[in-house]
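Please keep the coordinates open alongside the text.

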Amino acid sequence: MKNLYLRSAVALACALSLAACGGDDDGTMQLRGVVEGVTIDGLVLQNKGGPELKVEPFAGSFVFPDLIAVNTEYDITFKSIPSNATCKMVNGKGKSSTYGIGQIGVSCTLKPHDVKGKIVGLTTEPLVIINGTHRLNIRANQSTFNLRVDPIDEKKPVPMPGQVGETQAYGLSVLQQPPGLTCRIDNAIGIMGKTDVDNILITCN
């Protein structure tokens with residue numbers, strides 16, 4: 001599973017280098033850019049309050065249908081953004097030139113939520129559970145867990161972010177059973193909604 005916190009700045013910087021401008025003999029050109037992190041409907045863009053441009057889920061780029069001329073100002077803004085994300089515009093405002101249009105991008109990050117639950121019967125340690133590449137060691141006699149909380153020091157973040165973004169799948173499993181016990185995880189698989197997941201139950205016997 002992909003890490004909840006998408007590395008937006010790095011990925012977007014790489015993608016921006018691929019943005020291109022097209023033109024014709026009259027010197028008009030496309031107003032376009034790259035997109036990352038859009039997983040559901042809801043991203044709608046406008047240029048200077050003009051016609052709305054809907055960006056489809058998982059699109060890697062957008063192109064406004066109307067060509068613009070050289071020395072024309074543009075100002076791309078959000079008419080709406082997907083309900084499961086926060087989005088930012090990169091270089092959305094500028095002016096076209098004979099060299100083309102600046103590199104424009106939209107970067108969206110899924111809203112994060114906790115994955116947590118209860119533990120019954122854990123008398124030895126460690127119990128190691130995983131969610132994708134995220135790993136969590138659980139100590140003996142813990143009665144609850146949270147994937148993003150270090151079981152030793154609750155104020156210390158775990159090595160890898162343990163939250164899951166809205167509309168992302170999660171799937172917990174046991175990587176290492178505790179000595180002398182067998183643990184199972186109920187309600188371990190699902191799709192993250194708009195609130196934390198807190199109905200997971202780990203039972204050891």
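Helices (H or I, at least four residues) and strands (E, at least two) are taken as DSSP runs, numbered from the N terminus, and two strands pair if DSSP finds at least two bridges between them. The model is predicted, with local features needing pLDDT of at least 70 and side-chain atom pairs counting only at pLDDT 80 or more, while totals for chains, interfaces and linings use all residues. Residues are numbered from 1 along each chain as its sequence is written, and side-chain values use heavy atoms, with hydrogens and water left out.

Four strands make up an open sheet, ordered β12-β11-β15-β17, with antiparallel pairing. The edges are held by β12 (134-138) and β17 (189-191), each of which has a single partner strand, so one side of each is left without a neighbour in the sheet.

Within this sheet, β11 (residues 127-131) and β15 are paired in the antiparallel sense over four bridges, and the bridge partner of I130 in β15 is S173. Strand β15 (residues 169-176) also pairs with β17 in the antiparallel sense, over three bridges; in β17, A169 has I191 as its bridge partner, and G171 has I189.

Turning to side chains, a search of the whole structure finds one aromatic pair, where rings of Phe, Tyr and Trp (its six-membered ring) pair if their centres lie within 6.5 Å, and planes under 30 degrees apart count as stacked, over 60 as edge-to-face and the rest as tilted. The pair is formed by F62 and F64, which are edge-to-face at 5.9 Å centre to centre, with 90° between the planes. Buried means under 20% relative accessible area, exposed over 50%, and partly exposed in between (1.4 Å probe, protein chains only). F62 therefore counts as buried at 3% relative accessibility, and F64 counts as buried at 7%.
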